[in-house]
Amino acid sequence: MNAKKPPQKKAKRKSGHELKLRPLKRKDYPGIKRIMDIVYPSLDGAWTREQYQSQISRFPEGQFCITDRGRVVAAAFGILVDYARYGDQHTYDQITGDGYFTTHDPAGDTLYGVDMFVDPGYRDLRLGRRLYDARKELCRNLNLKSMIIGGRIPGYDAHADALTPRAYVEQVQRKEIRDPVLSFQLANDFHVRSIVRGYAPKDVETRGFAVILEWINLDREEPDVPLIGAEKTVVRVGAVQWQMRTVTGIEDLMNDVEYFVDAVAGYKADFVLFPELFNAPLLAGYNQADPAGAMRELAGFTDALRDFMTKLAVSYNINIIAGSIPEYRDGTLSNVSYLCRRDGTTDAQYKLHVTPDEKAFWGFQGGDGLQVFDTDVGKVGVLVCYDVEFPELPRLMAESGMSILFVPYWTDTKNAYLRVRRCAQARAIENECYVVITGSVGNLPRVENMDVQYSQSAIFTPSDFAFPHDAVAAEATPNTETTLIADLDLGKLRQMRHSGSVRNFLDRRTDLYRLSWHARPRAAARIGA
């Protein structure tokens with residue numbers, strides 16, 4: 001909400017000012033809380049510290065303040081949205097994600113002014129106008145279409161018995177009535193779009209009504225549509241249901257890998273996913289009486305295999321999710337999935353949760369970092385097998401913008417496979433994202449603890465009218481070596497999140513519960529950092 005309260009008793013301050021406009025920082029929360037508690041005594045006062053930290057981390061450029069000798073005396077908060085997905089009939093909590101700004105869309109074309117307030121002792125300095133000018137400058141610099149705000153009408157309560165909200169707004173527009181907030185906003189070149197009932201039900205002064213106002217950026221230049229390299233809205237993904245077979249060495253395995261990369265890239269796919277521990281056939285060359293030692297020997301091929309798959313990603317112009325392979329560094333055996341991008345860069349996601357069997361036979365240890373990766377076609381995440389059975393991880397990734405989750409797995413029985421499948425389907429529905437899973441089939445004679453495999457690769461969608469009736473975009477024949485290809489429309493995800501039959505992500509009760517990532521000292525780059 002954008003509030004400007006009636007004049008109150010001015011706070012004592014030193015003569016002269018040293019006013020400075022700057023971005024908000026984490027340390028500014030006490031100053032923000034002090035002002036909000038004064039300005040919004042009937043609206044539960046200030047945001048929580050958790051809300052504030054979420055706001056400045058999601059869109060730091062949109063949160064700024066004015067200080068006087070280092071003390072916060074005014075502030076403005078905003079997010080970017082694709083306003084067409086909300087329309088004028090929305091509530092404050094809906095468009096702000098209950099104050100956590102989870103609705104911020106970096107690709108949005110509209111700046112939504114969430115809140116603006118000024119210390120009552122500084123109301124005579126026109127700081128609100130400075131903040132609006134800063135917002136307009138931000139709109140111009142980001143080449144946005146407009147700025148939209150949900151403006152309070154605190155003067156309405158005194159006229160509610162005689163005037164409808166619309167009649168009251170018209171009187172303010174004609175300057176027959178002065179509203180402490182609306183009059184100020186109209187003077188700052190905003191025009192009225194609509195009046196919303198129930199925008200902020202707890203706001204007694206406005207009786208829950210708000211005026212949706214818009215400032216149009218007349219300096220906006222229509223962005224040029226690139227002739228090549230335009231942002232994709234439909235992403236083609238491929239998954240390899242991998243046959244475990246005896247190989248003579250690393251070159252033999254690499255030939256099999258290249259065969260499938262070539263096959264999937266031939267369909268102009270943007271991604272290809274390999275299974276967990278797809279290089280396990282190489283274990284046959286080591287002592288099966290010592291499975292832990294054999295797995296550590298297998299890790300000796302990891303750097304060469306990662307480099308080889310990175311080269312394939314570039315030469316075949318496809319992003320490769322390199323299943324998972326063992327890594328042995330500094331006395332720690334890890335299970336790691338590499339993202340090999342087609343621009344030649346790589347990233348890694350370590351398996352966080354290790355099964356009892358993986359600990360007992362091989363001595364794997366879990367990682368401690370969770371990431372969402374930027375790619376040329378959007379944000380993606382990777383969770384290795386068991387990790388997808390922990391719903392907290394995909395939720396944290398979805399909060400960071402993930403649209404597609406890749407899950408390489410290795411399972412030996414149908415019930416083990418179904419744990420992965422059912423959980424992956426639930427993650428697609430809960431987080432309104434796509435989930436791609438794939439594993440291995442066949443058997444590996446003379447390889448301890450990897451004798452048989454069970455798999456049915458699949459690509460899952462959310463469950464709503466815009467998607468397949470069974471929420472399955474594609475699935476393979478069980479226990480047969482094959483590839484799976486499907487087109488995934490990212491635009492449908494954005495549409496569903498804001499206008500679906502149900503809105504699992506948007507309707508979370510973040511006023512009652514929340515998730516947070518607890519950092520560990522040796523953790524790499526991760527969510528929540």
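The model is predicted, so local features require pLDDT of at least 70 and side-chain atom pairs pLDDT 80 or more, whereas totals for chains, interfaces and linings use all residues. Residues are numbered from 1 along each chain as its sequence is written, and side-chain values use heavy atoms, with hydrogens and water left out.

**Exercise 1.** Determine which residues of helix 1 are buried and how they are arranged about the axis.

*Solution.* Step 1: helix 1 spans residues 29-39; helices (H or I, at least four residues) and strands (E, at least two) are DSSP runs, numbered from the N terminus. Step 2: Y29, G31, I32, I35, M36 and V39 are buried, where buried means under 20% relative accessible area, exposed over 50% and partly exposed in between (1.4 Å probe, protein chains only). Step 3: these residues fall within an arc of 160° seen down the axis of helix 1, so they line one face of the helix; the arc is that of the directions from the helix axis to the C-beta atoms. Step 4: the buried residues pack against helix 2 (49-58), strand 3 (71-81) and strand 4 (110-118).

**Exercise 2.** Carry out the analysis for helix 5 and describe the residue K175 that follows the helix.

*Solution.* Step 1: in helix 5 (residues 165-173), the buried residues are P165, Y168, V169 and V172. Step 2: they cover an arc of only 95° around the axis and therefore lie on the same side of helix 5. Step 3: their packing partners are helix 6 (182-187), strand 6 (191-196) and strand 7 (210-216). Step 4: just after helix 5, K175 adopts a positive phi of about 65°.

**Exercise 3.** Characterise V452 by its accessibility and its contacts.

*Solution.* Step 1: V452 lies in strand 19 (residues 452-453). Step 2: with a relative accessible area of 44%, V452 is partly exposed. Step 3: beyond its neighbours within four places in sequence, V452 is in contact with W410, T411, D412, G442 and N443. Step 4: the C-alpha atoms of V452 and R152, 300 residues apart along the chain, are separated by 65 Å.

Notes. Contact means heavy atoms within 4.5 Å.
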